Amino acid sequence: MYIVGDEAEVRGDVPLRDSVGSGQVRLDPTAGEELRRQLQHQIDQVDSWLEQSGHSIARPAPLGANPVGDAMRDKFTDRAAGEQHSFVGVMTAYRTVLEQTRASVVEAIENFTSLDEETQDELRKLTTS
């Protein structure tokens, strides 16, 4: 599990990457590759949303040249792209988690492959002895 920001430190979560990095998690290459492709597809989708949001969501609304219109325009623009909980902020954090998860899947596949190769080497040694 991944949490973006300071909240992970407070809760004491153990990230997936720690379990994968220690070799506790292994993933069959066939299943892992499908999962990696799905994660990459979602990353690409988020990238598309972020690109679109830069052209439409964060664009200042035409509310007129007056103090109230200026304040509302700034408020809406900030909520779309500027705040931590804005659409852009949330999608950027989501993309970060997807990237981290994809990297962990790749490493878990490598763990499986490495263990498989080690086991094959051991079997070869046993059969040649």
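Predicted model: local features only at pLDDT ≥ 70, side-chain atom pairs only at ≥ 80, totals over all residues.

Tutor: Arg 95 counts as partly exposed because its relative accessibility is 25%, and the cut-off for buried is under 20%. Its side chain meets that of Glu 99 in a salt bridge, 3.5 Å from N to O. Glu 99 has a relative accessibility of 24%, so it too counts as partly exposed. Arg 95 and Glu 99 both lie in helix 5. They are four residues apart, about one turn of the helix. The pair belongs to a network of salt bridges that links Asp 47, Arg 95, Glu 99 and Arg 102.

Helix 5 has 42 residues. From its first C-alpha to its last it reaches 61 Å, close to the 62 Å expected at 1.5 Å a residue. Several of its residues are buried, including Met 91, Leu 98, Thr 101 and Ser 104.

Asn 111 is another buried residue of helix 5. It counts as buried because its relative accessibility is 18%. A polar atom of its side chain lies 3.0 Å from the backbone oxygen of Val 25. Leaving out residues up to four places away in sequence, Asn 111 touches Val 20, Gly 23, Val 25 and Arg 26.

Arg 36 pairs with Glu 33, and their closest N and O atoms are 2.6 Å apart. Glu 33 counts as partly exposed because its relative accessibility is 34%. Arg 37 pairs with Glu 34, with the closest N and O atoms 2.1 Å apart. Arg 37 and Glu 34 are also three residues apart in helix 3. Arg 37 is partly exposed at 46%, and Glu 34 is partly exposed at 34%. The count for the protein comes to seven salt bridges.

Step back to the whole chain. The protein has five helices and zero strands. Of its 129 residues, 18% count as buried. Take the contacts with a separation of 6 or more: residues 24 or more positions apart account for 62% of them.

The accessible surface comes to about 8900 Å², and 54% of it belongs to carbon and sulfur atoms. Leu 63, Val 68, Met 72 and Phe 76 make a nonpolar patch of about 350 Å². Phe 76 sits in helix 4 and counts as partly exposed at 40%.

Key:
Residues numbered from 1 in each chain as written. Heavy atoms only, no water. Buried < 20%, exposed > 50% of the residue type's maximum accessible area, 1.4 Å probe, protein only. Polar contact = N/O pair within 3.5 Å; in protein donor to acceptor, adjacent residues only side chain to side chain. Contact = heavy atoms within 4.5 Å. Helix = DSSP H or I, 4+ residues; strand = E, 2+ residues; numbered from the N terminus. Areas by Shrake-Rupley, 256 points an atom, 1.4 Å probe, with all protein chains shown as cover. Patch = residues over 30% accessible without salt bridge, like charges linked within 9 Å, V, L, I, M, F, W, Y side chains within 5 Å. Salt bridge = Lys/Arg side-chain N within 4 Å of Asp/Glu carboxyl O. Expected span 1.5 Å × (residues − 1).
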